[in-house]
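Work through the exercises below with the sequence and the model open beside you, and try each task before you read its solution.

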Protein chains: 2
Amino acid sequence: MITGFNREAVLDVIQSVLSREHGAVSLHEPSFNGNEWAYIKECLDTGWVSSVGGFVDRFETDLAAYTGVKRAVAVVNGTAALHICLLLAGIQADDEVLIPALTFIATANAVSYCGAIPHFIDCEERTLGVDPHKLAMYLEKITVQQADGCHNRRTGRRIKAVVPMHTFGHPVDLDPLLEVCRHFCIELIEDAAESLGSFYKGRHTGNWGRLSALSFNGNKIITTGGGGAVLTNDEELAERAKHLTTTAKVPHRWEFKHDMVAFNYRLPNINAALGCAQMEQMPGFLASKRRLSELYLAAFKGVAGISFVTEPAGASSNYWLNALLIDEEFVTERDNLLALTNNMGIMTRPAWTLMHRLPMFVESPCMDLSVAESLERRLINIPSSAFLGRDTYATS
Amino acid sequence: MITGFNREAVLDVIQSVLSREHGAVSLHEPSFNGNEWAYIKECLDTGWVSSVGGFVDRFETDLAAYTGVKRAVAVVNGTAALHICLLLAGIQADDEVLIPALTFIATANAVSYCGAIPHFIDCEERTLGVDPHKLAMYLEKITVQQADGCHNRRTGRRIKAVVPMHTFGHPVDLDPLLEVCRHFCIELIEDAAESLGSFYKGRHTGNWGRLSALSFNGNKIITTGGGGAVLTNDEELAERAKHLTTTAKVPHRWEFKHDMVAFNYRLPNINAALGCAQMEQMPGFLASKRRLSELYLAAFKGVAGISFVTEPAGASSNYWLNALLIDEEFVTERDNLLALTNNMGIMTRPAWTLMHRLPMFVESPCMDLSVAESLERRLINIPSSAFLGRDTYATS
């Protein structure tokens with residue numbers, strides 16, 4: 001037993017927060033206590049389950065209203081949303097796109113779909129996301145401005161965009177990051193897949209660059225089964241996003257003409273129906289998740305060798321996925337804690353394997369990733385479903 | 001008025017078949033009279049709407065059992081299914097893929113996603129699909145065999161595969177086409193997006209090459225909202241299809257590792273639930289659609305200047321989308337007939353604009369397309385929903 005860290009004690013603390021539950025506890029389960037049935041039944045009764053129907057339009061309007069972004073274009077999942085954002089930002093084959101090494105695979109895959117190369121950058125521990133100051137120092141060293149934008153002096157390739165991801169819902173420090181983007185002529189595209197309901201300095205994440213991506217996968221704060229959205233304040237970009245995600249069909253009463261190679265990324269109406277019902281419950285989901293995070297924070301106070309991750313100053317997080325950080329000296333205990341909790345039916349998981357370690361990206365450029373590497377060794381996600389934070393459930 | 005063709009008479013005939021209906025009639029509407037509601041309710045009650053849940057497995061098993069193919073891998077739509085088929089067949093950037101000029105845009109787009117070049121080939125009027133004999137003569141002229149396969153002598157590029165599409169459910173003449181594939185060392189990939197329920201010489205379409213694609217879009221014979229499937233008799237290809245469509249995540253209790261650039265193409269469980277309920281109703285859908293085609297066939301007998309398209313000899317079509325062919329001498333009447341019927345609330349449409357005319361494909365290689373061009377001038381689709389063929393609806 002290592003002094004100062006006791007995995008049984010950590011398990012006890014988690015169990016104390018989840019006290020009323022005795023079965024297995026997932027990392028994140030959706031809640032369907034609103035109009036989900038009513039809206040889906042409306043789809044079935046009218047026959048509008050697919051590419052036509054009012055729920056897609058309504059879901060897009062609801063998302064725009066909630067996030068404060070002018071337009072939302074619903075798509076089939078978050079990966080598709082990222083792909084479209086990158087294409088609309090003008091990412092071309094052989095461009096480099098800066099993305100955090102600590103992210104879900106979708107960010108890197110979307111870059112690859114464009115024929116571009118992910119260039120991995122480091123995080124700061126405070127936000128779990130891109131570190132703007134470290135990035136600025138790095139770009140100062142490795143880039144040179146040319147007629148068509150910022151270039152990597154080492155590879156000769158253009159660095160066209162940076163795609164920060166708001167890890168587990170905690171917003172990246174966007175103001176200094178935007179300053180870096182302006183200084184180096186690099187476009188900001190927010191990967192807001194995990195941060196619906198998260199605000200930075202009072203403005204919603206996904207509302208800071210020209211283009212952003214949301215996800216509504218089954219484990220997200222709201223779900224459409226599978227789904228995502230492109231957010232933009234630019235009407236023309238929104239129209240292009242719609243066109244590009246609906247096979248670029250030119251509107252006509254009966255003719256089938258398409259004017260570019262495009263994608264079948266539209267969200268089916270039945271999935272959008274689920275999204276509309278879920279959006280109505282956002283305030284409740286957010287309150288429950290915040291309550292759960294408060295319970296965890298209180299419970300982990302004073303527990304040796306481990307700390308609970310809280311929202312960065314100046315930001316309001318959706319606390320989508322709660323996380324613990326083990327002190328560096330006890331990282332050898334991480335896998336034991338994962339095994340213990342999962343064996344007890346309490347689902348926990350480590351951070352994603354950092355992108356630069358995956359076989360298809362080992363040749364990709366990267367900066368010093370020491371903070372991401374530390375977070376990778378130390379991070380554990382713990383159960384985070386909204387219903388775990390409801391008063392009737394988690395308090396005595 | 002052109003002698004021998006009277007658009008008012010054609011409208012009367014269509015209306016006589018649809019006699020009981022007085023509102024607007026779509027081209028194709030789904031029917032939800034089975035267990036759709038029960039299965040979706042099960043998803044909502046259990047919380048399994050997304051990437052985990054039993055309906056995806058069951059839907060795949062149901063599809064395999066129905067089509068007689070060993071394995072089906074459910075995906076997010078037919079375009080995604082085609083994309084995966086092409087990747088698994090080894091299509092590489094700069095390969096050419098033979099596809100009919102008369103097809104929906106998805107076939108050509110999927111080729112483009114691989115960085116390959118669609119090479120457009122002609123149809124025969126009897127099947128509305130690829131003409132194997134004309135193709136053989138063409139390939140004899142333009143190809144040469146090299147170590148890595150069949151090459152186009154004119155472009156120097158490899159011709160790796162042919163993707164016949166079973167137009168409106170009518171099967172392509174597969175036996176001679178397979179002979180062409182064997183002779184020229186070209187892989188057969190069936191685009192069976194429109195032909196679930198269609199058989200060629202007693203064996204289901206999509207069961208003739210190594211890989212085939214299905215679609216369950218809202219207008220298809222069965223629908224999952226949006227959905228598709230890869231069909232294969234090769235277990236190893238099926239495993240690779242599953243891996244490639246689920247972000248290539250390496251199975252592990254908690255680790256997130258991915259071993260290649262892959263796709264988020266999995267079908268959500270809630271959409272698969274719809275598919276399971278729809279599959280149970282396939283026999284009824286097929287019977288209704290066949291009945292509707294018989295009513296149309298009888299009604300159009302003796303109508304001047306136009307004929308109803310029937311299934312090719314040796315094949316059993318699902319009659320997914322019914323079609324009329326106007327005699328060549330009356331093609332100038334096509335748009336008048338489209339306007340008249342659509343203005344009366346009876347949805348009709350022409351063939352898709354041929355692929356080689358679309359701006360992004362005008363530079364693509366193509367053979368003589370005279371039959372496809374004739375079909376494009378003459379073809380009109382007419383209302384085809386299964387419920388229109390039910391005895392209680394369409395007969396007096």
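**Exercise 1.** In which order do the 4 strands of the open sheet in chain A lie, and is their pairing parallel or antiparallel?

*Solution.* Begin with the source: this is a predicted model, in which local features need pLDDT of at least 70, side-chain atom pairs count only at pLDDT 80 or more, and totals for chains, interfaces and linings use all residues. Residues are numbered from 1 along each chain as its sequence is written, while chains are lettered from A and ligands numbered from 1 in the order in which they are written. Strands are DSSP runs of E with at least two residues, helices runs of H or I with at least four, both numbered from the N terminus, and two strands pair if DSSP finds at least two bridges between them. The order is β12-β14-β16-β15 (chain A), with antiparallel pairing. Because β12 (306-308) and β15 (349-350) of chain A each have a single partner strand, they stand at the edges.

**Exercise 2.** Find how β15(A) is joined to β16 of chain A.

*Solution.* The strand β16 (residues 379-382) of chain A runs antiparallel to β15(A), and 2 bridges join them. Across this pair, A:P350 stands opposite A:I380 in β16(A).

**Exercise 3.** How many residues does each chain bring to the contact, and which element of chain A gives the most?

*Solution.* Counting residues as in contact if their C-beta atoms, placed from the backbone, lie within 7 Å, we find 50 residues from chain A and 50 residues from chain B. On the side of chain A that touches chain B, α2(A) gives the most, with 5 residues.

Terms used. Contact = placed C-beta atoms within 7 Å.
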